[in-house]
Amino acid sequence: MRRFTSRSVGPLLAVALLGAACGGSDGAATSALESQAEPAGVVTDAPVGELVDGFNTAGFELLRTQPVGDNLVFSPASIGHALLMARAAADDTTGTSIDAAFGLPDGIGAHDAWNSIAADLDATNGTATDIDGEPTPTLTLADRLWPDVTASPDQAWVDLMASHHGADVSLIDRTEPEASRAAVNDWVSDQTDGLIPELLPEGFIDGNTVLVLTDTVYFAGEWQTIFGKYGEVDADFTRLDGTTVPISLLRDLENAGRRGLGDGYAAATIPYKGGDVSMTIVVPDEGTFEAFRDRLDADLLTELDAFEPGPYELLMPRWETTSAIDLLPWLGELGAAPGAYPAIDPAAFLDGAVHGADIAVDEYGTVAAAATALGFAESGPPEPEFTVAADRPFYYLIRHEGTGLVLFAGQVTDPTG
């Protein structure tokens, strides 16, 4: 039986609520909301790179709006995808603002690109086996539209959501707001393995709600090289205010990922089994954590990708973070809220957007399990050229190697907090 934690990286979910102040349309038949659209085929020349760059860039912009001193986790991929789906329902003015903020390709190309990305992400599932012989990693996406029973969203939009985004439909009743909220939260909990049990707060659904749009991403993976062979190191983690807290750092000398020393930072990429997903830890030089936020962009990702594997020492803490972000103020600044979304309802506007995320990172295996796996006779590790020590505030990115899409991003300012 596995004796380590049941998850290495948890799920994330983004939700957008669309409301109509004057109420919704009258008496839509439920059958009209059931899409008969077939899943779209993958378009080989879809603008995947453009969409990935746009999602990643918007994610870094959002990170810069969050408190610098708090631990944080969120998903640029999930937020970007939710807004891509909403954009297809928007009017020209609102749509242009979303296009600019999220770097969306023109027209159907953006949806073709997401469909291609989703196929690539799905192909990462079960490409390796974990310590128990079970398939790993697990990377699942789920989307659902929740129209009010009286709503009549445009059928072409519903069909597009089904064909290119895999979104199904489930009705809610705004005259029963708590029951409707519970239905959405129960679905979210199911999709996220119970790690986000109550995403929608009280009052999120009310008498003006015409539709709720939900998007989830869930990832669980085992490190390609489980920590434990080289023991742990007792150390002090230096917080942003200069105070320290005692921690235990996981240690590895044989990680196969890219690593390097950049201008003002050290970075290491830690692959998960299967090789399709990795985590990159970026440790800015002491005293530069806040200023380094301005360097989180596509150019930094290019620098990180240019690093090569080689001998080094990795020291990394365990950490767990749960975040809840009210996206509405940020989306208001971008022009996505309140906006206008006539394909949902002639009077529909964006009046609520929440995002929840959870992450837990550890050695993903006991020392005994790692020692057993590595217990055969072997040569010693190469002499490390340098050390990447996450013993002060750092940023992290979980990326899909094939597309470069940032699935999760965040910061750790206190691993004990």
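This is a chat about a predicted model of one protein chain.

Visitor: Okay, I'm new here. What does the secondary structure come to?
Guide: This predicted model has ten helices and 19 strands in its chain.

Visitor: And how much of the chain is buried?
Guide: Of its 417 residues, 53% count as buried. The chain exposes about 16,300 Å², and carbon and sulfur atoms supply 50% of that.

Visitor: What about contacts, how far apart in sequence are the residues they join?
Guide: Take the contacts between residues at least 6 apart in sequence: 80% of them join residues at least 24 apart.

Visitor: Let's talk helices. How do you even describe two packed ones?
Guide: You give the angle between their axes and the distance between the axes.

Visitor: Fine, so what are those values for α1 and α4?
Guide: Helix α1, residues 48-63, packs against helix α4, residues 108-122, at an angle of about 90°, and their axes are 8 Å apart. Angles from 65 to 115 degrees count as roughly perpendicular, so α1 and α4 are roughly perpendicular to each other.

Visitor: Which residues make that contact?
Guide: From α1 you have Val48, Leu51, Val52 and Phe55, and from α4 there are Ala110, Ala113, Trp114, Ser116 and Ile117. Sorted by class, the contact has eight nonpolar residues, one polar and no charged ones.

Visitor: What does Trp114 touch, leaving out residues up to four places away in sequence?
Guide: Trp114 touches Leu51, Phe55, His81, Leu84, Leu141, His164, His165 and Leu405. Also, the C-alpha atoms of Trp114 and Pro47 are 8.9 Å apart, while the two residues are 67 residues apart along the chain.

Visitor: I see His81 and His165 in that list. Where else do they turn up?
Guide: Both belong to another helix contact, the one between α2 and α5. The axes of helix α2 (residues 76-87) and helix α5 (residues 155-165) come within 10 Å and cross at roughly 145°. His81, Leu84 and Met85 of α2 meet Trp157, Met161 and His165 of α5. That contact divides into four nonpolar residues, two polar and no charged.

Visitor: New topic: aromatic rings. How many pairs are there?
Guide: A search of the whole structure finds 13 aromatic pairs. One of them is Phe292 with Tyr395: the ring centres are 6.2 Å apart and the planes are at 25°, so the pair is stacked.

Visitor: Where do Phe292 and Tyr395 lie?
Guide: Phe292 lies in helix α7 (residues 289-292) and Tyr395 in strand β18 (residues 394-400), so the pair ties together parts that are 103 residues apart in sequence. Phe292 and Tyr395 are both buried. They also belong to one aromatic cluster, together with Tyr265, Phe289 and Phe307.

Visitor: Which peptide bonds here are cis?
Guide: The bond from Thr136 to Pro137 is cis, with omega near -5°. Another cis bond joins Ala337 and Pro338, with omega about -5°. Pro137 lies in the loop between β4 and β5, and Pro338 in the loop between α9 and β16.

Visitor: And what about phi, say for Asp193?
Guide: Asp193 has phi near 55°, a positive value in a residue other than glycine. Asp193 is in the loop between α6 and β7, and at 57% relative accessibility it counts as exposed.

Visitor: Last one: what is Ala389 in contact with?
Guide: Leaving aside neighbours within four places in sequence, Ala389 is in contact with Val283 and Leu315. Ala389 lies in strand β17, residues 387-389.

Notes
Residues are numbered from 1 along each chain as its sequence is written. This is a predicted model: local features need pLDDT of at least 70, side-chain atom pairs count only at pLDDT 80 or more; totals for chains, interfaces and linings use all residues. Side-chain values use heavy atoms; hydrogens and water are left out. Helices (H or I, at least four residues) and strands (E, at least two) are DSSP runs, numbered from the N terminus. Buried means under 20% relative accessible area, exposed over 50%, partly exposed in between (1.4 Å probe, protein chains only). Contact means heavy atoms within 4.5 Å. Accessible areas come from the Shrake-Rupley method with a 1.4 Å probe; for residues, only the protein chains shown count as cover. Axes are lines fitted to C-alpha atoms, for helices over the stretch in contact, and angles run from 0 to 180 degrees between N-to-C directions. Angles under 35 degrees count as roughly parallel, over 145 as roughly antiparallel, 65 to 115 as roughly perpendicular and the rest as oblique. Ala, Val, Leu, Ile, Met, Phe, Trp, Tyr, Cys and Pro count as nonpolar, Asp, Glu, Lys and Arg as charged, and the others, Gly among them, as polar. Rings of Phe, Tyr and Trp (its six-membered ring) pair if their centres lie within 6.5 Å; planes under 30 degrees apart count as stacked, over 60 as edge-to-face and the rest as tilted.
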